[in-house]
Amino acid sequence: MNGIHDMGGMHGMGPIEIEPDAPVFHASWEGRVMALGDTMGAWGSWSVDRFRYLRETIAPVDYLAKPYYEQWLMT
């Protein structure tokens with residue numbers, strides 16, 4: 001695979017900024033989005049494979065522009 005979603009080993013994306021004292025979630029809504037995903041998985045309405053597939057259908061420009069949990073909301 002060679003899509004924008006498979007960025008491992010790509011060059012030119014800039015350094016990874018390590019935040020030593022970063023909170024688990026940067027905004028309270030991010031935790032709620034994760035909880036929704038966990039709940040859907042527990043109900044059997046969601047699978048990791050389906051979730052990955054849906055994230056890979058996000059247009060590359062949107063994928064790069066949206067924060068991680070906002071991508072979750074788009075799926």
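The exercises below begin with the whole chain and then turn to individual residues.

**Conventions**

This is a predicted model, in which local features need pLDDT of at least 70 and side-chain atom pairs count only at pLDDT 80 or more, while totals for chains, interfaces and linings use all residues. Residues are numbered from 1 along each chain as its sequence is written, and side-chain values use heavy atoms, with hydrogens and water left out.

**Exercise 1. Describe the secondary structure of the protein and the confidence of the prediction.**

Step 1. Helices (H or I, at least four residues) and strands (E, at least two) are DSSP runs, numbered from the N terminus. By this rule the protein has four helices and zero strands. Read from the N terminus, the order of the elements is α-α-α-α.

Step 2. The confidence score is pLDDT, which the predictor gives to each residue on a scale from 0 to 100. Its mean over the protein is 84, and 89% of the residues reach 70 or more. The lowest confidence is in α2, with a mean of 86, and the highest is in α1, at 90.

**Exercise 2. Identify the salt bridges of the structure and state how exposed their residues are.**

Step 1. Side chains of opposite charge can pair when their charged atoms come close. The criterion for a salt bridge is a side-chain nitrogen of Lys or Arg within 4 Å of a carboxyl oxygen of Asp or Glu. The structure holds two salt bridges.

Step 2. One joins the side chains of E56 and R52, at 2.8 Å from N to O. Both residues belong to helix α2 (residues 48-56), where they are four residues apart, about one turn of the helix. E56 has a relative accessible area of 24% and is therefore partly exposed; R52, at 43%, is also partly exposed.

Step 3. Another joins K66 and E70, whose closest N and O atoms are 3.6 Å apart. K66 is partly exposed at 29%, and E70 is partly exposed at 28%.

**Exercise 3. Is Q71 buried or exposed, and which residues does Q71 touch?**

Step 1. Q71 is located in helix α4 (residues 68-74). Its relative accessibility is 4%, so Q71 counts as buried.

Step 2. Contact means heavy atoms within 4.5 Å. Not counting residues up to four places away in sequence, Q71 touches R55, I58, Y63 and K66.

Step 3. A polar atom of the Q71 side chain lies 3.2 Å from the backbone oxygen of K66.

**Exercise 4. Find which residues F25 contacts, and how far apart F25 and Y69 are in sequence and in space.**

Step 1. F25 is found in the segment before α1. At 26% relative accessibility, F25 counts as partly exposed.

Step 2. Leaving aside neighbours within four places in sequence, F25 is in contact with E30, G31, M34 and Y69. F25 and Y69 are 44 residues apart in sequence, and their C-alpha atoms are 9.5 Å apart in space.

Step 3. For the protein, residues 24 or more positions apart account for 55% of the contacts with a separation of 6 or more.

Conventions: Buried means under 20% relative accessible area, exposed over 50%, partly exposed in between (1.4 Å probe, protein chains only). A polar contact is a pair of N or O atoms within 3.5 Å; within protein, one must be able to donate a hydrogen and the other to accept it, and residues adjacent in sequence count only if both atoms are side-chain atoms.
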